[in-house]
Amino acid sequence: MIGIRFLGWLNIVLLGVMVLPFLLRQFSMHVHKIKGKWYPKLNKFLRRIHKPLGLAIILLAMLHGYLVFGGFRMHTGTLEFFAIVIMAAFGAAFYFFKKKPLLVWHRWMLAVLVVAILVHQLFPNLIYTLFG
């Protein structure tokens with residue numbers, strides 16, 4: 001059986017791979033222009049795997065939560081999962097409707113997701129502590 005912690009950290013790594021094209025583009029635009037033939041090839045590859053990785057993250061997050069609790073339970077990981085699903089919904093809506101605000105919200109959800117990840121890592125039992 002795959003370790004529960006391993007699944008959680010695998011999701012973090014996959015999320016990092018998914019965010020890499022955005023971060024590289026921001027770095028290239030605002031810090032130092034990235035030059036070289038490798039950059040467009042890498043960006044094209046990362047964009048091609050973006051959607052399948054998103055689906056994998058959702059499925060792995062569900063499996064991770066199921067292995068921890070044996071079913072659905074409200075937990076900081078559940079809030080993190082909801083953030084992932086909402087982010088994916090904005091991304092899918094942008095893909096189908098091509099409305100710029102949907103892309104902006106998809107990107108803003110990354111900030112929400114990072115906060116949810118930090119809360120889940122630092123205070124995993126916060127919901128039980130606050131609401132019993």
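**Entry 1: around α3.** I looked up what covers the buried residues of helix α3, and the list includes α1, α2, α4 and α5 (126–131). The model I am reading is predicted. I then noted which residues of α3 are buried: T76, T78, E80, F81, A83, I84, M87, G91 and A93.

I checked the length of α3 next. The helix runs over residues 76–97, and its 22 residues should span 32 Å at 1.5 Å a residue; the end C-alpha atoms are 31 Å apart, so the two values agree. Just after α3, I found K98 with a positive phi of about 55°.

**Entry 2: K98 and its rings.** I asked which ring faces K98 lies over. One is the face of F94, with K98 at 6.0 Å from the ring centre. Another is the face of Y95, where the distance to the ring centre is 4.7 Å.

**Entry 3: aromatic pairs.** I counted 4 aromatic pairs in the structure. One of them is F81 with F82: the ring centres are 6.3 Å apart and the planes stand at 50°, so I wrote the pair down as tilted. F81 is among the buried residues of α3, whereas F82 is partly exposed because its relative accessibility is 35%.

I also looked at F90 and W105. Their ring centres are 6.0 Å apart and their planes are at 20°, so this pair is stacked. The pair links distant parts of the chain, since F90 sits in helix α3 and W105 in helix α4, 15 residues apart. I noted F90 as partly exposed because its relative accessibility is 24%.

**Entry 4: helix α1.** I moved to α1, residues 4–30. This helix has 27 residues and reaches 38 Å from its first C-alpha to its last, close to the 39 Å expected. Where does α1 bend? I found a bend of about 40° at V19, and the proline P21 follows within four residues. Both V19 and P21 are on the list of buried residues of α1, which also includes L7, L14, L15 and L24. The buried residues of this helix pack against α2 (38–69) and α4 (100–122).

**Entry 5: the core.** I looked up the largest nonpolar core, which has 18 residues; those touching the most other members are L14, L15, I57, I84, M87 and L113. Helices α1, α2, α3 and α4 each supply at least two residues of this core.

Definitions and conventions: Residues are numbered from 1 along each chain as its sequence is written. This is a predicted model: local features need pLDDT of at least 70, side-chain atom pairs count only at pLDDT 80 or more; totals for chains, interfaces and linings use all residues. Side-chain values use heavy atoms; hydrogens and water are left out. The expected span of a helix is 1.5 Å times one less than its number of residues. The bend at a residue is the angle between axes fitted to the seven residues ending there and the seven starting there. Buried means under 20% relative accessible area, exposed over 50%, partly exposed in between (1.4 Å probe, protein chains only). Contact means heavy atoms within 4.5 Å. A nonpolar core is a set of buried Ala, Val, Leu, Ile, Met, Phe, Trp, Tyr and Cys residues joined through side-chain atoms within 4.5 Å. Rings of Phe, Tyr and Trp (its six-membered ring) pair if their centres lie within 6.5 Å; planes under 30 degrees apart count as stacked, over 60 as edge-to-face and the rest as tilted. A charge sits over a ring if NZ of Lys or CZ of Arg is within 6 Å of the ring centre and within 35 degrees of the ring normal.
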